[in-house]
Amino acid sequence: MSHFVCIDDYERHALANLPPMIKDYYRSGAGEELTLRLNKEAFRKLRIRPKVLTNVSKRDISTTILGERISMPLGVSPTAMQRMAHPDGECANVKAAGGAKTIFTLSTLSTSSLEEVAEASPEAIKWFQLYVYFDRNVTRDLVRRAERAGFKALVLTVDTPMFGDRRRDIRNKFALPKHLRLANFEGLLSQKINSASDGSGLSEYVANLFDDSLSWKDVAWLKSITKLPIVLKGILTAEDALLAVEHGASAILVSNHGARQIDSVPASIEALPEIVRAVGDKVEVYLDGGVSQGTDVLKALALGARMVFFGRPMLWGLVHDGEKGARKVLEMMRREIDVAFALSGCSSIKDVTRDMVVHESQYSRL
């Protein structure tokens with residue numbers, strides 16, 4: 001494809017060029033993939049109510065997140081094992097995010113280490129997504145390394161006592177290609193995922209090493225060992241959002257893990273309003289899941305998200321052209337967000353209001 005005009009173009013190119021096992025790992029969801037479809041379909045069921053004659057000649061789509069000025073309300077979610085998409089993997093992705101002056105989130109299960117990513121783009125605003133291991137010393141060491149490497153926040157994934165029923169990975173007996181490793185670890189922790197005995201190597205890795213007894217007390221433990229702000233990723237209900245506030249979270253990332261954990265949960269954008277209503281302005285609320293257009297970002301902002309993140313589109317950009325492809329994806333989205341702001345009558349984030357987005361059912365009743 002010679003000219004890419006939207007994220008879907010990058011996705012089609014990537015899916016046509018990736019090996020089947022890797023393609024299925026990146027694109028798949030859990031179970032029957034109902035929630036995977038919902039993540040995008042739910043955005044399509046929302047209607048924008050634009051304001052007109054508002055003078056949008058001077059627009060500013062920047063925002064402030066955990067005290068840092070960000071060039072646009074879109075950042076990069078954690079996605080694992082990015083060197084399967086391109087040899088430069090996470091290092092290319094963080095350079096793209098740094099160049100775009102937005103947030104890059106590194107996965108615990110990355111194929112580039114914390115230190116490599118920090119060195120690749122010292123100026124980028126970097127967050128570290130964290131899993132909690134049975135051996136708390138492993139987790140403590142990751143936190144210390146993130147601090148030393150200049151990461152600005154920890155993103156604790158709270159929806160993963162074990163990995164979901166990812167049927168494509170099981171059918172493919174997914175394993176990390178032999179030439180790659182989980183770069184944040186040494187020895188068995190770095191290589192165990194390179195083989196699968198009777199199913200997904202990733203699921204076996206998680207079952208053996210992730211702590212399925214994780215509870216709210218572990219959020220308190222994490223707060224006790226770091227001064228970095230803690231973002232809780234994977235919250236989908238108002239009740240859990242209130243508990244997150246109670247236990248000292250700095251922010252909530254409304255997410256269903258890319259629809260990869262339990263199928264039939266709501267799309268992230270469906271869960272967002274109740275969480276925003278529950279926590280008010282006590283903590284910042286972000287969203288990921290299903291985002292692939294500038295209008296998606298506008299809709300999430302209108303429903304109360306302060307920041308929006310996406311992961312898979314950055315992988316599609318990497319497959320296309322490494323760092324250059326990832327940069328193009330971010331700049332394409334920046335243009336789309338700017339156009340969405342202008343055509344909906346918004347000159348800045350503060351102009352995006354709740355009454356600008358309604359469910360399609362409001363019009364079907366007419």
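The legends below describe several close-up views of a predicted model.

Residues are numbered from 1 along each chain as its sequence is written, and side-chain values rest on heavy atoms, with hydrogens and water left out. Because the model is predicted, local features need pLDDT of at least 70 and side-chain atom pairs count only at pLDDT 80 or more, whereas totals for chains, interfaces and linings use all residues.

**View 1**

View 2. The chain passes from β9 through helix α12 (residues 268-279) to β10 in a right-handed β-α-β crossover, a term which means that, with the strands pointing away from the viewer, the path from the first strand over the helix to the second runs clockwise. Strand β11 (residues 307-310) runs parallel to β10 and is joined to it by three bridges, with Y286 standing opposite M307 of β11. A right-handed β-α-β unit is also made by β10, helix α13 (residues 294-302) and β11.

View 3. Helix α12 has twelve residues and reaches 16 Å from its first C-alpha to its last, close to the 16 Å expected at 1.5 Å a residue, the expected span being 1.5 Å times one less than the number of residues. The buried residues of α12 are S268, I269, A271, L272, P273, I275 and V279, and G280, just after this helix, takes a positive phi of about 55°. Helix α13 is mostly covered, with eight of its nine residues buried, namely G294, D296, V297, L298, K299, A300, L301 and A302. Just after α13, G304 takes a positive phi of about 115°.

View 4. UniProt lists H257 under "active site" in an unreviewed entry; UniProt positions are given in the numbering used here, feature names are shortened, and annotations may be inferred rather than shown by experiment. H257 is found in the loop between β9 and α12 and counts as buried at 10% relative accessibility. Its side chain and that of D159 are joined by a polar contact of 3.0 Å (a pair of N or O atoms within 3.5 Å; within protein, one must be able to donate a hydrogen and the other to accept it, and residues adjacent in sequence count only if both atoms are side-chain atoms). Leaving aside neighbours within four places in sequence, H257 is in contact (heavy atoms within 4.5 Å) with Y131, T157, D159, T160, R166 and K233.

**View 5. N39 of helix α3.** N39 lies in helix α3 (residues 34-44) and is buried, with a relative accessible area of 3%. The side chain of N39 reaches the backbone nitrogen of S268 at 3.4 Å. Apart from neighbours within four places in sequence, the residues in contact with N39 are N256, G258, A259, A267, S268, G289 and G290.

**View 6. Two loop residues with positive phi.** Most residues other than glycine have a negative phi, and most peptide bonds are trans. M81, although not a glycine, has a positive phi of about 55°; M81 is placed in the loop between β4 (74-76) and α4 (89-99) and is buried, with a relative accessible area of 0%. S264, which is likewise not a glycine, has a positive phi of about 80°. The place of S264 is in the loop between β9 and α12, and S264 counts as exposed at 55% relative accessibility.

Note on methods. Helix = DSSP H or I, 4+ residues; strand = E, 2+ residues; numbered from the N terminus. Pairing = 2+ DSSP bridges. Buried < 20%, exposed > 50% of the residue type's maximum accessible area, 1.4 Å probe, protein only.
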